[in-house]
Amino acid sequence: MSFTDRDTFTPMSTSQSHISTRIVGIASGKGGVGKTTVAVNLALALCQQGMRVGLLDADLGLANSQILLGVSAPLNVGDVFDGHKNVTDVAVETPQGLLLIPGASGNQSLANITSMQATSLIDQILQSYPDLDVLIIDSAAGLSSANMSFLDTCAVRLLVMQDEPASIADAYGLIKLESRKDRLASLFLVPNRVGSELLGKALFDRMNVVCMKFLEEPVNYLASVLQDELLGRVTRKRETVIADHPTSAAAKNFTLLAEALMAQLPCNDVPEVI
């Protein structure tokens, strides 16, 4: 399936192509807040729960999920968009059973794909892997049209943020866009790199007060990811806390995050593609 002919290829909507795969988007208003670390470890934690999980690295210009997972990915979605390969050609399965669809790095053209191309990619993944229980989309940071197109295909969206001014401001910008689409009910905040669950909840409460004041509707809290030096060390070693340090506090933290997410996932995901 080629994505190069934008005028003649008409994608099947995700609501038509598959009804059992729960699609979860991981987003952030700005870069550098640990979004991909959250996405990778959350995906592995869901695998540990016995779920068949796919991870799409949709940061199509600066992808690095394969680095965090410590796997080799000779091909990526750039080859799919070029029409040279199918999703099944580029996908890589990790030893933990996670299906990774690698993004591209250093390809500026892929950072500006159209909404139709984004939806087409999701369709091909769902059609190629109908056994997936969950598809996690690790979107790029920011509010580009390509990022929002990927989030449009999701039934649940997680917004990763840190307790620092730029992250809070940019996270609020994404929340406003989601509010205009009337879907804050499916948006959950994940405070990252906080000192404790209590501090993470306090950060969420501050953001929620702003949302209630200016948007007149609340956002949701999922769970917090605590600051842990182990996360930096395993990345440098091309390890993961879930696979290589399963008894660590960080691994337990992501297991709790996965359990919190599972409690929020609908039994049958039929997202409305906008």
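These legends describe close-up views of a predicted model. Local features need pLDDT of at least 70 and side-chain atom pairs count only at pLDDT 80 or more, while totals for chains, interfaces and linings use all residues. Residues are numbered from 1 along each chain as its sequence is written, and side-chain values use heavy atoms, with hydrogens and water left out.

**View 1. The aromatic pair of Phe 204 and Tyr 221.** The ring centres of Phe 204 and Tyr 221 lie 5.3 Å apart with the planes at 45°, so the pair is tilted (planes under 30 degrees apart count as stacked, over 60 as edge-to-face and the rest as tilted). Phe 204 belongs to helix 9 (residues 197-214) and Tyr 221 to strand 8 (residues 220-221), 17 residues apart; helices (H or I, at least four residues) and strands (E, at least two) are DSSP runs, numbered from the N terminus. Both Phe 204 and Tyr 221 are buried (under 20% relative accessible area, 1.4 Å probe, protein chains only).

**View 2. Lys 201 over the ring of Tyr 221.** The charged end of Lys 201 is 5.8 Å from the ring centre (a charge sits over a ring if NZ of Lys or CZ of Arg is within 6 Å of the ring centre and within 35 degrees of the ring normal).

Definitions and conventions. Rings of Phe, Tyr and Trp (its six-membered ring) pair if their centres lie within 6.5 Å; planes under 30 degrees apart count as stacked, over 60 as edge-to-face and the rest as tilted. Buried means under 20% relative accessible area, exposed over 50%, partly exposed in between (1.4 Å probe, protein chains only).
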